[in-house]
Amino acid sequence: MITTGQIIRCKAAVAWEAGKPLVMEVVEVAPPQKHEVRIKILFTSLCHTDVYFWEAKGQTPLFPRIFGHEAGGIVESVGEGVTDLQPGDHVLPIFTGECGDCRHCHSEESNMCDLLRINTERGVMIHGGESRFSINGKPIYHFLGTSTFSEYTVVHSGQVAKINPEAPLDKVCIVSCGLSTGLGATLNVAKPKKGHSVAIFGLGAVGLAAAEGARISGASRIIGVDLNPKRFEEAKKFGVTEFVNPRDHDKPVQQVIAEMTDGGVDRSVECTGSVQAMIQAFECVHDGWGVAVLVGVPSKDDAFKTHPMNFLNERTLKGTFFGNYKPKTDIPGVVEKYMNKELEIEKFITHTVPFSEINKAFDYMLKGEGIRCIITMGA
């Protein structure tokens, strides 16, 4: 391609300071260097993680920055040492990676790559320690190594999943973060069996994806737990059969669920980040075989407290990162589940906006409206 090896000038939505609307700018995107690829982003979506770091609550602010990490696009060019990707490949950039060389990547049980594990504070590329974005010679920082709120971006090749070119990128782009996190937490970690009962704590995008995993597994009862009753009707589309609002009861919600299910659910998945919900999710599973999986990220000062007898009575507590999916190895298979009509993606997508109106996507999320908003880059 004529752009190979050249600087590309394109539009990007730049966050200049915390909590202020993104500004559409013309940025220069440098060619990919060693183990990097440059991707033309066609569709991206907004995840709550983008909003959290855009608001700069509870972490060190890093601006100006290009956010975005749920996206689909086409490889424009590749850097030195990249052999598994080539221009024209349809890909999903992923916020975490798979170098293929570390102990985690060699383990069948882990997806927490030593080199490319999520890093929210790094605003530059690993190779060379510099940004590939600039405006008038001044660097613009990266986010999660992906920065998909730009028409072109540069990503480490270990953070790029090559997918079926027939898959519609305006749908499967959401597979690259929230959907896979919740889905994998159920399918890969909780592993409910057909006929099992499953409790899902938190019915946001990740929780609904966890419910989708329970539906695919053939769970007979899927109990949604959330403080927002407006979410209950929407959750039925994802297989949720019953609902519990903790505010409606004068007893601990784990006790409510135990009474509903003759001693507790077979599996539970917590998707809120509330340490109280984590404790409830663990204590509501049945003794002898119950498994609880924690997905949400707690505040740094939180402490998990439960009586040791809950473990001695043969309940199991697990944690998960990105649904235990290895980005390059496993994510193409998640896309195939959609292509084979095993996984329903469309119901997660509630809004679509052109790139020029990206701030509307932030408004939708801040107001709690919808699940996922697709941003069309060419518009």
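Trainee: Is helix 8 (residues 275–283) largely enclosed or open, and why?

Mentor: Largely enclosed by the rest of the structure, because seven of its nine residues are buried. Buried means under 20% relative accessible area, with over 50% being exposed and anything in between partly exposed (1.4 Å probe, protein chains only). Helices here are DSSP runs of H or I, at least four residues, and strands are E runs of at least two, numbered from the N terminus. Bear in mind that this is a predicted model: local features need pLDDT of at least 70, side-chain atom pairs count only at pLDDT 80 or more, and totals for chains, interfaces and linings use all residues. Residues are numbered from 1 along each chain as its sequence is written, and side-chain values use heavy atoms, leaving out hydrogens and water.

Trainee: Which residues of helix 8 are buried?

Mentor: Val 275, Ala 277, Met 278, Ile 279, Gln 280, Ala 281 and Phe 282.

Trainee: And what do they pack against?

Mentor: Helix 7 (253–260) and helix 9 (309–312), plus strand 10 (197–201), strand 13 (267–270), strand 14 (291–294) and strand 15 (316–319). Contact there means heavy atoms within 4.5 Å.

Trainee: Switching topic, how many disulfides are there?

Mentor: Zero, searching the whole structure. A disulfide needs a pair of cysteine sulfur atoms within 2.5 Å.

Trainee: What about Cys 173?

Mentor: Cys 173 is in no disulfide either, with the nearest cysteine sulfur, in Cys 373, 10 Å away. Cys 173 is buried too, at 0% relative accessible area.
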